[in-house]
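I opened the model and went through it piece by piece. These are my notes, in the order in which I made them.

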Amino acid sequence: MGLQFLHNLSLGFGVAFQWLNLFYCLMGVLLGTLIGVLPGIGPVATIAMLLPVTFSLSPTAALIMLAGIYYGAQYGGSTTSILINIPGEASSVVTCLDGYQMARKGRAGPALATAAIGSFFAGCVSTVILAMFAPPLAGIALKFGPAEYFSLMVFGLAAAVVLAHGSLLKAIAMVLLGLLLGLVGTDTTSGTMRFTFGIFELADGVGFVGVAMGLFGIAEIVANLEIKERREVFTSKVGRLMPSKEDFRRMWRPILRGTALGAGLGILPGGGPLLASFGAYALEKKVSRYGHEFGQGAIEGVAAPEAANNAGAQTSFIPLLTLGIPSNVVMALMIGAMMIQGIIPGPKVMTEKPDLFWGLIASMWIGNAMLVVLNLPLIGIWIRLLTVPYRFLYPSILVFMAIGVYSLSNSPFDVLLMAVFGILGHIFVKLECEPAPLILGLILGPMMEENLRRALLLSRGDPIILLTKPISAGFLVAAIILLGIVLAPAIRRKREEVFVED
Amino acid sequence: MIKIKSPKDFWAGLMFIAFGLFFVIGARNYNLGTAARMGPAYFPTILGGLMAVIGGIVFFRSFVAKGGKVSPIPLRLFFFITLSLLLFGYLLEPIGLVLALALLIVVSAFAGHEFGLREVLLLSVLLIILSVLVFAKGLGLPFPLWPKFLG
């Protein structure tokens, strides 16, 4: 692989270093951080909001920019966690624990720098992992038939369900609701309009951008408005950024461990940054000599989860780019973006569009470097942003979302869809039904039906084909084991403990 | 008398049953087909049925296992947010970006805890200038800027 690997990398960097692509990578990172730093807005909402901006770009530039938005938003989220103790999303919850304590002790600067250094290191390592593991995996995936694909999707959804907060049954129901919503529109095989009720705009299906923006953007705004503002920002006390020698001595091991764990967990379907950061924090608390300081501002408690969630964020691109299966909501949005650009995600992307594939991977490294170089000096601006009262922020966010979603097809329908799903999203959260599995289902619905249809056509209607093909059977058994494990009482209790923190 | 122990599960269960049945019944208008040749109704019927069953379990569980209360839905908030979005969406074409944005911002501002007219107007002016520059001029989105009857 040696020479081929170098060839691929040089192709990738050739693409990523083109001026325009560098520019879009920079814009993505900047915009992602800018929106991601706003309190209560996580990467999912950020990407959903900025998605329309990328529609007019070429596929490569669009994906590079979206990836930049993604890690920019993630990084912005950790800034918010450290400075005001409001996690943008579940995966930065653990950063709040020790990061905010460090800020209260006047060590916000080193905490922010540690997060940046940890993220950068993890990003570099996992980009290499991505570049090494993607080709062989895609090779395997090319041999998959419809039965294997169907079972793989079942496995992916099972994993997503297991990782959802709260009740397992409700999470399964949310996946089913997503799959069903995904079926709305024109049936590809028969041409029948399904569940469109004569609404012309539904012929192409329920637009996932509007749904995602409603579920994660509008619902989030309403949730934030429901609680009164009470924020304490450590603006004046950021102080010097540079961690001390002692800090460096204490952070490098947690960063290494966090990177390794995060990269591993990120590859799993259903994995990604959330599992990675929780796992890394728990692990570090156990193995660290300073375990007793955790929760009171231990630098390890920032370094490990920040490295892990960036590593996980990066490696979660592996199932997306090789199998065409999203492992979490962000990746589901990426798939949606690819499809809008006319790219069918899957193992063929690498061979048919090598410049896009390797360009994207190379740009991830560049984007991570930009994050460190830009964000540390720009930290003052991000902090300013945190002091803007929410009553100015939310109308601004609404403006960007409304314009973005309207521009999807230049029709009011997507705005209506966003408003409706905003209300639904709020009801879901009130009833403790997590909306993330719904988005995964929505994206996978049509693909699952298509593959099941083909698999059953080949077997003349006998569903046993899903079990007689070894790989397919393996995925299904793995899915059942996953669900079984979570239903086991001991793990169930542990899982509730882990998720109770947010 | 039977008592609901978990209102959240009670309503969630009902919601899933309703959605499930909606798709199962809706699918009856389409061709079911056979397993080997799945018609457009086949997959939705299976999924909808499964969902209704799960909804049923969640529903009945709400009488057994204890769970949280449902806090009231902030109707006032949703009224203003939804109204502002729909006004923007449906009026953008006839009245143009500038006025549609002004409506969006002012109406949505009523959802906040405090409303200062001067503040809101200032914010509107800023956001409108920014949006026109970025979206209409910069990204070249084909929005009319001013009302039709003026242009």
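**A glutamate facing chain B**

I looked up A:Glu226 and found 12 C-beta neighbours inside 10 Å, so A:Glu226 counts as exposed. A:Glu226 sits in helix 9 of chain A. Helices here are DSSP runs of H or I with at least four residues, strands are runs of E with at least two, and both are numbered from the N terminus. Leaving aside neighbours within four places in sequence, I find A:Glu226 in contact with B:Pro74 and B:Leu77. A contact means that two C-beta atoms, placed from the backbone, lie within 7 Å.

**Basis of the notes**

This is a predicted model, and local features need pLDDT of at least 70, side-chain atom pairs count only at pLDDT 80 or more, and totals for chains, interfaces and linings use all residues. Residues are numbered from 1 along each chain as its sequence is written, while chains are lettered from A and ligands numbered from 1 in the order in which they are written.

**Where the chains meet**

I listed 53 residues from chain A and 58 residues from chain B in the contact. On the side of chain A, helix 8 (168-183), helix 9 (208-226), helix 17, helix 18 and helix 19 each supply at least two residues. I sorted the residues of that side into 33 nonpolar, 9 polar and 11 charged. For this sorting, Ala, Val, Leu, Ile, Met, Phe, Trp, Tyr, Cys and Pro are nonpolar, Asp, Glu, Lys and Arg are charged, and the others, Gly among them, are polar.

**Core**

I then took the largest nonpolar core, which has 227 residues; A:Ile47, A:Ala48, A:Ala402 and A:Ile439 have the most contacts inside it. Helix 6 of chain A gives the largest share of this core, 16 residues. Domain 1 (7-61) and domain 2 (75-138) of chain B both give residues to this core, so it lies between them. A core is a set of buried Ala, Val, Leu, Ile, Met, Phe, Trp, Tyr and Cys residues joined through C-beta atoms within 7 Å. The domain bounds come from an automatic or database domain assignment. The centres of the two domains of chain B, taken over C-alpha atoms, are 39 Å apart.

I also checked A:Ile47, which touches A:Leu66, A:Ile69, A:Tyr70, A:Ala73, A:Val330 and A:Leu333, not counting residues up to four places away in sequence.

**Helix 5 of chain A**

In helix 5 of chain A, 11 of the 12 residues are buried. Among what covers them I noted helix 4 (59-84), helix 6 (108-141), helix 11 (273-287) and helix 12 (300-315) of chain A. Just after helix 5, A:Gly106 has a positive phi of about 80°.

A:Asn410 has a positive phi of about 50° and is not a glycine. I place A:Asn410 in the loop between helix 17 (390-406) and helix 18 (413-430) of chain A. A:Asn410 is partly exposed, with 13 other C-beta atoms within 10 Å. A:Arg460, also not a glycine, has a positive phi near 60°. The loop between helix 19 (436-458) and helix 20 (465-468) of chain A holds A:Arg460. With 11 other C-beta atoms within 10 Å, A:Arg460 is exposed.

**Chain A overall**

I counted 22 helices and 2 strands in chain A. Of the 502 residues in chain A, 62% are buried.

Methods
A residue is buried if 20 or more other C-beta atoms lie within 10 Å of its own, exposed if 12 or fewer, and partly exposed in between; C-beta atoms are placed from the backbone.
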